[in-house]
Amino acid sequence: MRKRIVLILIALFSVLGLCACSAKLNEDNPNSNFQDTYTSEAKTDDSSVSAPGVAALNVSIEEKRIIQDQSFNVELNDWGNVRFISYEPDTGIDFEDVSFFLMKDNNVIYSFPHYCENNSTENYVGLFDSVAAVDFRDVNNDNIKDVILIINYVTGAGPHGMIPRPRARIFLADKKEFYPATDLIDDITSNIEEKELTIAAIYEYLKNR
């Protein structure tokens, strides 16, 4: 009788021990069953691994940093129906520039290449202020939609330092890649006055270039 009681107690302690270990594992990994950020969808095409602008694995974006009024659903070339995301800089990082992504089914599937080195505007035109306009048009006559943006910056210098100054940005499309059109951007900056810088003016200028 005493032996049976001892065996029952041993079995009971073993069960309690297993439960405690399971609870400990769940405490150590609290995020194992949920996800509160958007993440990137891995690409399986080996040729895309080193291509500029391809979203790295485990890219995540915060909902609160999405610029909602400058983010749009669009059918974009080989990407199909996607959401173009304008994404505010991290306020904790000095001179960080705005970023842009493509999303599909709540996954980041593409990260646009940065225009400034290290995505820093320190040696560019000042601090990011806002995205003023976004449009999707073919600007180089290859029948593929490109991306045209107008982005505002403030220099903080002089009596007009806090007045936003617009800058054009163009990403040329090539199948499933986009490339900053630095020559076109420089041309626009030199030939269109800031007060006249609109999407329509940019498109008209490039069409007649």
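Two strands pair if DSSP finds at least two bridges between them, and strands themselves are DSSP runs of E, at least two residues long, numbered from the N terminus. With that in hand, look at β3 and β4: they make a hairpin with 5 residues between them, and Asn77 in the turn has a positive phi of about 50°. The two run antiparallel, joined by 4 bridges, with β3 covering residues 72-75. Val74 sits opposite Val82 in β4.

A word on the source: this is a predicted model, where local features need pLDDT of at least 70, side-chain atom pairs count only at pLDDT 80 or more, and totals for chains, interfaces and linings use all residues. Residues are numbered from 1 along each chain as its sequence is written, and side-chain values use heavy atoms, with hydrogens and water left out.

Now the inside. A nonpolar core is a set of buried (under 20% relative accessible area, 1.4 Å probe, protein chains only) Ala, Val, Leu, Ile, Met, Phe, Trp, Tyr and Cys residues joined through side-chain atoms within 4.5 Å. Here are the two cores:

| Core | Size | Members include |
|---|---|---|
| Largest | 25 residues | Phe84, Phe100, Val147 |
| Another, apart from it | 18 residues | Cys116, Ala168, Ile199 |

Which residues does Val147 touch, leaving aside neighbours within four places in sequence? Its contacts (heavy atoms within 4.5 Å) include Phe84, Phe112, Ile170 and Phe178.

Over in the loop between β6 and β7 there's Tyr124, which counts as partly exposed because its relative accessibility is 26%, between the 20% and 50% cut-offs.
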